[in-house]
Structures are given as C-alpha cells and as structure tokens.
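Here is a short briefing for a reader meeting this structure for the first time. Look at the sequence and the model, then take the points topic by topic.

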Amino acid sequence: GGRFVLTDLSGAHKEGELMDVERKCVRELTAPEVFKAIEEDRLAMLGATASLDIFMLGLLMYEALIGAPLFETYKDVQQACLSGSELEIDFRGYKDYVGKYCVANMLRRLPVDRFTIRDVIVNLSQVRFTRG
C-alpha cells in the first residue's frame, strides 16, 4: 500500500519515503523545504511529499500562465525560499483571479499551507490559460 507522489519527471516515491536526493540533482527541486534541508545539512533525510509536488506544479503553472519563469536564476529562488516570508509573485498583468489564487496557494512557503491535490483538481478546471 501507500500513495505515490511525483517528485520529478524521472521517478516516483511513496509518500514519506526518503528521496535520496544527491546534491547535483537538487537544482531541479526548488522548494522551500529542500533549501531548508540543504541549509540544515539534512538533505539525505528529505522525504517525498505531495506538498513538494504541489509547489513544483505551482512553478510550472506560473510559467504556463505568464509565459516566463517566476525566478530568473537558481540563486533568486533560493533567496526567496529562505527569506522566511511568503513568495512575492508578480503576475505581470495576468488578470484571472482563479489562476492567481491557484498559483499563490500552490506556492505557499510552508507545506501545510499549500493546496492539496484535491484543491488543485477542483480549481484547475476554472483557470483561464489566456493572457489579457
């Protein structure tokens, strides 16, 4: 038994299972809990969670809606994630309130505050993927 979660596009882990992330691969997992694990030297103890998937999906959704990544560089995302406050999200003129609501709640700093997969499914069908 156990629920599987998507942590990257090359493999899946059961929820809670240690991901055995190598430092060379960590640039692909740009979420606050990953940066915190690196900072506290406990990357080897990082477990797979649905909230990590939701954060990564939020970054992808932002890019799909806006047409550009939220962060220009790895250092930018690292600094934002370790700031201790919620991410500042510039929607660059994108007006759909449901889209903004989804992205903002997928990219919450604390995993417990993020959308669940159920929240994503319920809201995603209402998002307008057109700008203007």
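**Overall layout**

The model is a predicted one.

**The chain as a whole**

- The protein chain has 132 residues, and 40% of them count as buried.
- Its accessible surface is about 8000 Å². Carbon and sulfur atoms supply 54% of that surface.
- Take the contacts in the protein chain with a separation of 6 or more: 60% of them join residues 24 or more positions apart.

**Helix H2 against helix H4**

- Helix H2 covers residues 50-66, and helix H4 covers residues 97-106.
- The two helices pack at an angle of about 145°. Their axes lie 8 Å apart.
- The crossing of H2 over H4 is left-handed.
- On the H2 side, the contact uses Ile54, Phe55, Leu57, Gly58, Met61, Tyr62 and Leu65.
- On the H4 side, Gly99, Cys102, Val103 and Met106 meet them.
- By type, the residues of this contact between H2 and H4 are nine nonpolar and two polar, with no charged ones.

**Helix H4 against helix H5**

- H4 also pairs with H5: their axes come within 10 Å and cross at roughly 165°.
- Angles over 145 degrees count as roughly antiparallel, and H4 and H5 are therefore roughly antiparallel to each other.
- H4 passes H5 in a crossing that is left-handed.
- H4 brings Val98, Tyr101, Cys102 and Met106 to the contact, while H5 brings Val120, Asn123 and Leu124.
- The contact of H4 with H5 holds six nonpolar residues, one polar residue and no charged residue.
- Cys102 and Met106 of H4 take part in the contact with H2, and Cys102 and Met106 also take part in the contact with H5.

**A closer look at Asn123**

- Where does Asn123 sit? Its place is in helix H5, which spans residues 117-124.
- Is Asn123 buried or exposed? The cut-off for buried is under 20% relative accessible area. Asn123 has a relative accessible area of 15%, so Asn123 is buried.
- Which residues does Asn123 touch, leaving aside those up to four places away in sequence? They are Val98, Tyr101, Cys102 and Phe115.
- Val98, Tyr101 and Cys102 belong to the H4 side of the contact between H4 and H5.

Key: Residues are numbered from 1 along each chain as its sequence is written. This is a predicted model: local features need pLDDT of at least 70, side-chain atom pairs count only at pLDDT 80 or more; totals for chains, interfaces and linings use all residues. Side-chain values use heavy atoms; hydrogens and water are left out. Axes are lines fitted to C-alpha atoms, for helices over the stretch in contact, and angles run from 0 to 180 degrees between N-to-C directions. Helices (H or I, at least four residues) and strands (E, at least two) are DSSP runs, numbered from the N terminus. A crossing is left-handed if the near helix is turned anticlockwise from the far one by less than a right angle, and right-handed if clockwise. Contact means heavy atoms within 4.5 Å. Ala, Val, Leu, Ile, Met, Phe, Trp, Tyr, Cys and Pro count as nonpolar, Asp, Glu, Lys and Arg as charged, and the others, Gly among them, as polar. Buried means under 20% relative accessible area, exposed over 50%, partly exposed in between (1.4 Å probe, protein chains only). Accessible areas come from the Shrake-Rupley method with a 1.4 Å probe; for residues, only the protein chains shown count as cover. Angles under 35 degrees count as roughly parallel, over 145 as roughly antiparallel, 65 to 115 as roughly perpendicular and the rest as oblique.
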